[in-house]
Amino acid sequence: MASVLLGASSASEAAPARSSAPARGEPHASTVGPQHAQAKEKQQMLAPRARYSGTSVVFVHGLNGGEGLLGSAPNGSGTMPECDTYWSDAAGFLANRWQGDFRQISYYNREVKPDGSQCASNGNEERSVSHYTADLHDPLYRVHCVGMGNTNDGTNNESLDHVSCLFGWYLYYNFGQRNWSEILVGHSMGGLIIRHTMELAEQHIPWMPPTIGAVTDAITFDTPHNGVLGASLACGNCTQGRQMNWNSAFMRDLSANARHPNSGGTTDWTIVGSHCDTLVGNSALMMNANHKVWYESSSTGSCYNHGGALHDPSTVLNAPVSYCDTGDVSGNTCAFDDGHGQGPGWLYEGAYPHGLLEMFNALASYSW
């Protein structure tokens, strides 16, 4: 699939005052990945996370940047032309493998399928009288976030602080107030929304709900955890594009205050990037996480462009990757910052799962 999905990091003029520590090193060679010290086969027979077999998986999309960086999602856009196919391969892959349901949140005004129906979906509860909508701009959520810079709602000029507040209340009504757990999967800017929402909830920011539920796992694909140089070119200098720029106020905040946010105990983070993603590149690896995966250049179809991993259903174990796993996320074992240091725990594997199988392994298993 073409590189049609672009994610952003965001800074908000209405953001609360927090640390403005500089982001980590400027991304000067974005597709240079970790240098692995040794080859080691990763155990693929993973222990089942049986107690979570009925947990919902909530998908959070990124900024729709169209076919390229320039002029494809103009300033003020509120459209999401591929919302019906964005997560369809991921949900289809999980359909016969996961007992929980699959939910897709919407935060742009015009996220509709070709038949005109909404892409927002709450899975098995969609037609239940007890469900709460997956459209984040429902008045039930908006009333809690009126002080969060909520101008230009439903467009790419909406502050990600506001989007994250709305997402927090969505999680509260659908999971937190029920004492339910959930798994969050984000692509590109969607991963930043997940990370920031969990940060705000963990810090008990006044406009956030008392709980967002137990996020057992958070998985991000191609998320610019350290920002991207020139990201604002993706949408004519829109707010969300500016906020994803490297060293923006939002990125500095995440670097200082959201190194590894947790919800409901300990959240298991898996972050995935690819050598062939020339939009985000190795910024995808630059946060503290339990598991980091970097798909190397290959002839197996597993060196993904931006979003390619979300559309690869292959179950053949032949993807070449560099990877790192750690239980000490605050330590240096899995550190990676291009040109500014790397931890000692990075390994190489030539028979690794492809994109969607890796997603399933990350959400379904705890033994790594």
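Select threonine 197 and show what surrounds it: setting aside neighbours within four places in sequence, its contacts are Ser164, Phe167, Gly168, Leu171 and Met208. Note before going on that the model is predicted. Threonine 197 sits in helix H5. Its relative accessibility is 0%, and because buried means under 20%, threonine 197 counts as buried.

**Next: H4 against H5**

Select residues 160–174, helix H4, together with residues 189–202, helix H5; their axes come within 9 Å and cross at roughly 70 degrees. An angle from 65 to 115 degrees counts as roughly perpendicular, and H4 and H5 are therefore roughly perpendicular to each other. The crossing in which H4 passes H5 is right-handed.

To colour the contact, pick Leu160, Asp161, Val163, Ser164, Phe167, Gly168 and Leu171 on the H4 side. On the H5 side, pick Met189, Ile193, Ile194, His196, Thr197 and Leu200. Sorted by class, the residues of this contact are eight nonpolar, four polar and one charged.

Beyond its neighbours within four places in sequence, phenylalanine 167 is in contact with Val58, Val60, Ile105, Leu136, Leu184, Ile193, Ile194 and Thr197.

Now widen the selection to the largest nonpolar core, which has 77 residues. Which of its members touch the most others? They are Phe167, Tyr170 and Leu363. Helix H4 gives the most to this core, with 10 residues. Another core, of seven residues, lies apart from it; Leu285, Trp294, Cys324 and Phe336 are among its members.

The axes of H5 and H7 come within 11 Å, crossing at roughly 55 degrees. That angle makes H5 oblique to H7. Here H5 passes H7 in a left-handed crossing, whereas the crossing of H4 with H5 is right-handed.

For the residues that meet, select Leu192, Arg195, His196 and Glu199 in H5, then Phe250, Met251, Asp253, Leu254, Ser255 and Asn257 in H7. By class, this contact has four nonpolar, three polar and three charged residues. His196 of H5 is listed in the contact with H7 and also in the contact with H4.

Technical notes: Residues numbered from 1 in each chain as written. Predicted model: local features only at pLDDT ≥ 70, side-chain atom pairs only at ≥ 80, totals over all residues. Heavy atoms only, no water. Core = buried A, V, L, I, M, F, W, Y, C linked by side-chain atoms within 4.5 Å. Buried < 20%, exposed > 50% of the residue type's maximum accessible area, 1.4 Å probe, protein only. Helix = DSSP H or I, 4+ residues; strand = E, 2+ residues; numbered from the N terminus. Contact = heavy atoms within 4.5 Å. Axes fitted to C-alpha atoms, helices over the stretch in contact; angles between N-to-C directions. Parallel < 35°, antiparallel > 145°, perpendicular 65-115°, else oblique. Left-handed = near helix turned anticlockwise from the far one by under 90°. Nonpolar A, V, L, I, M, F, W, Y, C, P; charged D, E, K, R; others polar.
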